[in-house]
Amino acid sequence: MVRFLRNSDYYRFIQQKHFDQLIAGNNQIIIDSEEDAKEEIISYLTNEYEVEAAFQIGLDTRDFSVQKETLKGDNVWVNDKLYQVQGYLNPARKPGYETYWNELADEVFDPLKTSYSVGDYVEYDNALYQLRYEGYVASSGQSVPNDMFWILVSTKVYSQDGNYEPTDIVKYKGGWYECAKENGDLINEVVQPFFNPWINQNLVDFTTIVAPVSGDLGVDTNDFTLVEYVSGAWQPKQFFEFAVGAFFKPTDYVRFNNEFYLSKMEINPKGRLHFFPGLTQFWNQVAFNTFDPGFDYSASNVGLIVSYNDAFYELFGLLNIQAGIAPDEASANWKAVTVEAYDETVSYAAGAYVAYEGVNYQLPGETVMYVNAATFENNKIEFKETTDPRNKNLIRCMVHIALYCIHQRIAPDHVPAFRIKNYDDTMHTLKCYSKLTKDPSISRKLASNGKLRSDWVVADTGAGAWDY
């Protein structure tokens, strides 16, 4: 069970030894009480605030485990300190990547849009709907996709503690994903849905395009540059070389490994997001040809790898290369490459080659680090301490309500008076939040017209929001 609170959150309001005595090792009583507290808070705030999203921020921060996959940028708890993971970690997923999740194309529901087609997905109020029948007509009076043409597909949020089967649909980090392969905690194969913001344009040599039309794009394979068909002729088109830390807009064409991409979002707008093209696979399968002394390698591509005498060599220079000269005798043209047997206890950096079950793989260059983390201490370089993103007012409200519920479950006739007072004060505060007389520091919900659901405010009758 993923929890929003941590035991240490309680220690500001109750000494740890007293808290331990209270629950007496019964963790289920904590879980049940926190669920009650969460439902109580949501019931007060859901009409005006994005309280579900605020809770999800806390649910997305979890205890670090070497048994669970972690993506670069994830927040994990280690000894009650929060860290941001600096590299990709997964001790379970081996080379030979399989598709576990498929991202579903969706958009926020627009009640005035008339161009929806059967099969389209839309999101409304943290739920996913799909248009199933022909004949849908937008109505100015329709604000939600709940008529006879739309069906509710899913409201499920992804959790690493969950278990998923093909066709399960979940929301994760702003996107919706459909499970393609069974994964989850029960089978010790926890694989997160992964958002890839890059769209490969899959462009071809422009000389092979028959009857091009204005706006068509192609690749000049002489120098792997981008060209566009304009006014009856192929013209160079601006593109940018991918670089870590560089800023890219969704309208920018970006070259990476001689492929051209567009992004679905702004990439690295503040120097923090390092999304790399081509991350639909973490390991790329590669085939190594046996060195042929009779072959002329002068026309080969730099980067070619061959095997020779049980060793591997990469072609890195074509100048004065001669046929018949073995790679180990031509250091100006070939360099040795290490291909080790895959080892679950080893950390692999971008560009590494491994052999696994008779197949060779490479971890793509300029990608996040792949780490088989044995312990946190051995891999601290992969973690950066960060601040707690959870809403402090939610923490305080939830702690007071949960403590009251714990006492109620243990001895309903002997709840301490100060716990009852804290509970009553919390209920009063939640009512003030719901009436907009106090600010919980949670984003407000918007109506379908893009405006706040309520723009009225009741006169303030008390102090401001808690100073946590």
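Mentor: What follows goes from the chain as a whole to its helices, and then to a few backbone details.

This is a predicted model, in which local features need pLDDT of at least 70 and side-chain atom pairs count only at pLDDT 80 or more, while totals for chains, interfaces and linings use all residues. Residues are numbered from 1 along each chain as its sequence is written, and side-chain values use heavy atoms, with hydrogens and water left out.

The chain holds six helices and 30 strands, both taken as DSSP runs numbered from the N terminus (helices H or I, at least four residues; strands E, at least two). Of its 468 residues, 41% count as buried, where buried means under 20% relative accessible area, exposed over 50%, and partly exposed in between, with a 1.4 Å probe and protein chains only. Among contacts (heavy atoms within 4.5 Å) with a separation of 6 or more, 52% join residues 24 or more positions apart.

Helix α6, residues 417-434, has 18 residues and reaches 26 Å from its first C-alpha to its last, close to the 26 Å expected at 1.5 Å a residue, the expected span being 1.5 Å times one less than the number of residues. Its buried residues are R419, Y423, T426, M427, T429, L430, C432 and Y433, and what covers them includes α3 (27-45) and α5 (392-410). Just after α6, L436 takes a positive phi of about 70°.

Helix α3 also meets α4, residues 51-59: their axes come within 9 Å and cross at roughly 145°, the axes being lines fitted to C-alpha atoms over the stretch in contact, with angles from 0 to 180 degrees between N-to-C directions. On the α3 side the contact is made by K38, I41, I42 and L45, and on the α4 side by V51, E52, F55 and L59. By class, this contact has six nonpolar, no polar and two charged residues, with Ala, Val, Leu, Ile, Met, Phe, Trp, Tyr, Cys and Pro counted as nonpolar, Asp, Glu, Lys and Arg as charged, and the others, Gly among them, as polar.
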